[in-house]
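Please look at the sequence and the 3D structure shown below, and keep both in view while reading this report.

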Amino acid sequence: MALERSPAQQKIIVTPAKPADSRIAAGLIRLAMGKVADFMFGFGSSTRATNMIENLFTQNGSRFSYQLAHTARTANGDIVGIVIAYPCSKTVGLHVVMARQLLPIYGMLNSLLFLWNALVLLMGVLSFGQSKTCWGDEYYISTLAVLPEFQGMGIGTMLLAYVEDEAKKAGFRKCSLGVDIENDHAIRLYEHLGYKIVETVKVKRFSKRIGSRGFYRMVKPLV
């Protein structure tokens with residue numbers, strides 16, 4: 001499906017992702033997640049994190065599955081951006097499937113380490129008085145990334161417009177996302193497109209581990 005585009009976007013189309021896109025997709029997902037991906041999936045290694053996300057991308061039913069992703073491609077088929085989004089109500093199920101998929105990949109010891117890292121994050125969020133990154137009536141944008149050399153061309157805006165259109169078709173009246181507090185460029189883009197900061201989540205334990213200041217939860221009504 002191709003949306004109406006500005007002149008800078010005329011050769012960019014949005015298409016459903018495929019398992020064969022896993023390598024470039026994993027790099028983009030890791031770009032979006034940054035230190036969080038390295039901590040959670042790579043145990044400090046960006047290479048290991050990317051490899052793990054690549055494996056998860058090719059599988060069915062997890063939050064990183066190609067089934068939930070759409071890619072922005074040039075006329076010759078090169079992927080320059082990605083968005084992953086889904087109804088918030090599916091979040092728990094997607095994470096359960098991912099946990100099952102990680103066991104044969106990581107092995108028992110590393111799987112336990114992953115679960116411990118996840119618990120550190122979860123307990124930090126709960127201790128701050130928050131329980132969710134999104135709510136059941138929202139369509140959640142979990143990942144949005146564009147290759148650095150293609151940023152500033154409106155591709156991120158195009159991917160968001162695509163997701164918002166899909167959300168409205170599915171009957172949702174709100175889209176939500178999380179953005180790192182330090183990501184000023186992304187925050188300005190989201191605010192320009194109608195997203196509002198509704199919560200600030202700071203996880204002290206997570207901050208000590210990876211130096212994260214936390215994230216903003218942003219929501220946009222769909223009209």
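Strand β7 (residues 215–221) is largely enclosed by the rest of the structure, because 6 of its 7 residues are buried. Here buried means under 20% relative accessible area, whereas exposed means over 50% and partly exposed lies in between, with a 1.4 Å probe and protein chains only. Strands (E, at least two residues) and helices (H or I, at least four residues) are DSSP runs, numbered from the N terminus.

This is a predicted model, in which local features need pLDDT of at least 70 and side-chain atom pairs count only at pLDDT 80 or more, while totals for chains, interfaces and linings use all residues. Residues are numbered from 1 along each chain as its sequence is written, and side-chain values use heavy atoms, with hydrogens and water left out.

**The sheet**

The protein has 8 helices and 7 strands. An open sheet with mixed pairing is formed by 7 strands, in the order β1-β2-β3-β4-β5-β7-β6; two strands count as paired if DSSP finds at least two bridges between them. Because β1 (13–16) and β6 (196–201) stand at the edges with a single partner strand each, one side of each is left without a neighbour in the sheet. On average, neighbouring strands of this sheet are turned by 25 degrees against each other, direction ignored. Such angles are taken between axes, which are lines fitted to C-alpha atoms (for helices over the stretch in contact), and they run from 0 to 180 degrees between N-to-C directions.

Strands of a sheet pair through backbone hydrogen bonds, either parallel or antiparallel. The table lists some of the pairs found here.

| Strand pair | Sense | Bridges |
|---|---|---|
| β3 (residues 79–87) and β4 (residues 139–146) | antiparallel | 7 bridges |
| β5 (residues 174–180) and β7 | antiparallel | 7 bridges |
| β6 and β7 | antiparallel | 5 bridges |

Individual residues can be followed across these pairs: Tyr 86 has Tyr 140 in β4 as its bridge partner, Val 179 stands opposite Tyr 216 in β7, and Val 201 is bridged to Phe 215 in β7.

**A helix pair**

Helix α3 (residues 46–57) packs against helix α4 (residues 91–106) at an angle of about 120 degrees, with the axes 11 Å apart. The two helices α3 and α4 are therefore oblique to each other, given that angles under 35 degrees count as roughly parallel, over 145 as roughly antiparallel, 65 to 115 as roughly perpendicular and the rest as oblique. In this packing, α3 contributes Arg 48, Met 52, Asn 55 and Leu 56 to the contact, while α4 contributes Met 98, Gln 101, Leu 102, Ile 105 and Tyr 106. Contact means heavy atoms within 4.5 Å.

Which residues surround Thr 143, leaving aside its neighbours within four places in sequence? They are Ile 29, Ala 32, Arg 63, Ile 82, Val 83 and Ile 84, each in contact with Thr 143. Thr 143 is found in strand β4, and its relative accessible area of 2% makes it buried.

Ser 22 lies in helix α1 (residues 22–33) and is also buried, with a relative accessible area of 9%. Not counting residues up to four places away in sequence, Ser 22 touches Glu 54, Phe 57 and Thr 58. Ser 22 and Tyr 66 are 44 residues apart in sequence, and their C-alpha atoms are 7.8 Å apart in space.
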